[in-house]
Amino acid sequence: MELNSALGNHTGGNILRLKEYPKVELHYHLDGGVRPETIMEIAEREGIILPANDLENLIKYLKVSDDNDSLISYLEKFELPIKCMQSGSSLKQIAYEAVVDSSKQNVKYIEVRFAPLFHIEKLSSAKEAVEFVLQGIKKGEEVTGTIARLILICLRDHGVERNMEVVELAGDFKDSGVVAVDLAGNEKSYPAKNYRELFKKAKDLGLNITIHAGEGDGPESVRDAIYLLKANRIGHGVRSVYDENLLDEIKLLEIPLEICVTSNFQTKAVHSLKEHPIRKLLDMGIKVTLNTDNTTVSGVTITDEFELMEREFEFTMSDFEKVVMNAIDSSFVSKEVKEKIKKDIQNIIYNDKVSHLTTY
Ligand SMILES: [Zn+2]
C-alpha cells in the first residue's frame, strides 16, 4: 500500500506536527529578524537611545501593525534594528541568534541574507561586517546542527559602483560561507536593466543570484531579473501571476520562487491573504518555497507560515513535503551538503509516516 494513501491527504492526524516538521528557509533577512530583547541588550551595551524602554512598547517600533498598508511603512521598521547592528559583537550575536531561533522551528538549512554596506558605522569595512556575520552563523551551526549559509544583498538605490564592492566581497568569501548575491530595494524606481554589469560580474565570479522582483513591481520586473540579470531564483515573484506567459516561462526554466505569504500581504504585494497565488503556483508545478522574509518585522515564525498554509490554503502533508524538497533542491549550498540535508529530511518525514502507520 502507498504510504501516502494510507495516511490520507490531510495533516490532521499526522504525528509530526508543523513545528516539528523539518524545514528549509531560503529568504530570511538578518535585520528583519532581530530579537527585541537583543535590541534592548545592545542598546544598553552601546549607549543607543531607544524610543521605548520596555519590551512591550519597543515591539511596536519593530513589528508592523496588523493594518500595515504599504511597503514604505514596512521598511520603516528596519531603522531601529539597523542602528543596533553596527558593531562586530552585535552582528555576530544577531547572526548566531538567527540560526538558533531557526533551529527551534526545526529549520535544517537556512540562507541568511544581509546588506553589508548598511552595517559599517562602527567597523572599518564591509569586509569586517561579513566576517562577523559569518562567525555568528558558524557558531550557530556548531551549537544547533542547523546548517547556515550567507547571501550578500546589493541595494537598488546604491548604483553599480557601490554595489560592486558587495559582489566582489561575495566572491572573496565564496568558499567560506557566502553562496550568492541578491538585489533588494525599490523595483519601480531602479529597474533591473541598470544592474546588468553588476550581475554579470557576479556570474563571472561563480556566484549564485537571487533577485527581489515581482514584489513592488509587475511581471516585467521578474522577466528582467531572469533574462537580464540571470537570476537563479526570484525573491517573492508574486506579481508574476498577472502574466500567464511569464508563469509558463518560470515553470519551464525551473526558476524557484522564494514566497513569503505574510510579508506579501503586509507590503500589499497582494491585497488580501485569500488573493495570494501560492496555491495556484504550487499546483501549476512551479518551484514554490515557503519563507518568513522578516520574522520580527512581520511577527511570524516559519512554523506560523506553515500553519497559515494549512489553515488558509489547505496545504496537505504532501504539499509541505513538496515545498521543503523544492527549497533544498533550490538552495545554493554545495551538492554534497545538499544531498546530506535532503537525506536527513527525507528520513524524518519517512519515519513519521511509518510511525503513523503503526499506530493503527
Ligand atoms: Zn526580502
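How many cavities of 30 Å³ or more does the count come to?

1. The model is a predicted one, in which local features need pLDDT of at least 70 and side-chain atom pairs count only at pLDDT 80 or more, while totals for chains, interfaces and linings use all residues. Residues are numbered from 1 along each chain as its sequence is written, and side-chain values use heavy atoms, with hydrogens and water left out.

2. The count comes to one cavity of 30 Å³ or more, where a cavity is a set of points, on a 1 Å grid over the protein atoms alone, at which a 1.4 Å probe fits but cannot get out. The largest cavity holds about 30 Å³ of space, a volume being the space filled by probe spheres set on the points, with grid points joined across faces, edges and corners. Its lining (residues with an atom within 4 Å of a point) consists of Tyr28, Gly33, Val34, Arg35, Thr38, Ile94, Glu97, Ala98 and Asp101. Helix 6 (residues 88–104) gives the most to this lining, with four residues; helices here are DSSP runs (H or I, at least four residues) and strands likewise (E, at least two), numbered from the N terminus.

3. By class, the lining of the largest cavity has four nonpolar, two polar and three charged residues. In this scheme Ala, Val, Leu, Ile, Met, Phe, Trp, Tyr, Cys and Pro count as nonpolar, Asp, Glu, Lys and Arg as charged, and the others, Gly among them, as polar.

4. A pocket, by contrast with a cavity, is an open set with protein on both sides within 12 Å along at least five of seven lines. The largest pocket contains about 830 Å³ of space, and of the 33 residues that line it, Leu71, Leu75, Ala184, Gly185 and Asn186 are the closest to its centre. Helix 4 (71–76), helix 5 (79–83) and strand 3 (147–155) each supply at least two lining residues, with helix 4 giving the most, namely five. The lining has 13 nonpolar, nine polar and eleven charged residues.

5. In the second largest pocket there is about 350 Å³ of space, and of its 20 lining residues the closest to the centre are Asp101, Thr295, Thr296, Val300 and Thr301. Helix 6 gives the most to this lining, with three residues, and Asp101 also belongs to the lining of the largest cavity.

6. In helix 11 (residues 244–252), Leu246, Leu247 and Ile250 are buried, that is, under 20% relative accessible area with a 1.4 Å probe and protein chains only, exposed being over 50% and partly exposed in between. They cover an arc of only 105° around the axis, which puts them on the same side of helix 11; the arc is that of the directions from the helix axis to the C-beta atoms. The face turned away from this buried side carries the exposed residues Asn245 and Leu252. What covers the buried residues includes helix 10 (219–227), strand 7 (257–259) and helix 13 (278–284).

7. Just after the helix, Glu254 takes a positive phi of about 55°.

8. Val130 lies in helix 7 (residues 126–144) and is buried, with a relative accessible area of 0%. Not counting residues up to four places away in sequence, Val130 touches Phe114, Pro116, Leu150, Leu152, Leu169, Phe173 and Val178, contact meaning heavy atoms within 4.5 Å.
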